[in-house]
Amino acid sequence: GEKFKVNVTLGKEYKHPDDFDHYIQWIQLWDGENMLAQANYSAGAQGSAPANASIDFAIVPTKKMKLTAMSFCTKHGLWQSDEVLVEVSE
């Protein structure tokens, strides 16, 4: 029943623009087909400079989870991470 932190960071190699017409609009965390959390952003939320958008989600895990992250860029569209399998032992 304890929460654990899941960090989602976009852009390992390149910082993402944060301009009026080109920015990360949202980041979501999914377990299979169930959305667990979402963070919404507006233009300028990253300081109006290129940045690696990053968010920590605190979730209560189930025994087995198939986590994926998704985000939406106002210029490039939808992005989805690789699936990460998480197993919780007691």
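What share of the contacts in the chain with a separation of 6 or more comes from residues 24 or more positions apart? Such residues account for 61% of these contacts, a contact being heavy atoms within 4.5 Å.

The model is predicted, so local features need pLDDT of at least 70 and side-chain atom pairs count only at pLDDT 80 or more, while totals for chains, interfaces and linings use all residues. Residues are numbered from 1 along each chain as its sequence is written, and side-chain values use heavy atoms, without hydrogens and water.

The chain has zero helices and seven strands, where helices (H or I, at least four residues) and strands (E, at least two) are DSSP runs numbered from the N terminus. Of its 90 residues, 33% are buried, that is, under 20% relative accessible area with a 1.4 Å probe, protein chains only.

| Property of the chain | Value |
|---|---|
| Box of the C-alpha atoms along the principal axes | roughly 45 × 20 × 20 Å |
| Accessible surface (Shrake-Rupley, 1.4 Å probe) | about 6300 Å² |
| Share of that surface on carbon and sulfur atoms | 50% |

The lining of the largest pocket has 24 residues, with Val8, Thr9, Leu10, Trp79 and Ser81 nearest the centre. Strands E1 (4-9), E2 (24-31), E5 (64-73) and E6 (77-80) each give two or more residues to this lining. E5 provides the largest share, six residues. By type, the lining holds 13 nonpolar, nine polar and two charged residues; Asp, Glu, Lys and Arg count as charged, Ala, Val, Leu, Ile, Met, Phe, Trp, Tyr, Cys and Pro as nonpolar, and the others, Gly among them, as polar.

How values were computed. On a 1 Å grid over the protein atoms alone, a cavity is a set of points where a 1.4 Å probe fits but cannot get out, and a pocket is an open set with protein on both sides within 12 Å along at least five of seven lines; lining residues have an atom within 4 Å of a point. Buried means under 20% relative accessible area, exposed over 50%, partly exposed in between (1.4 Å probe, protein chains only).
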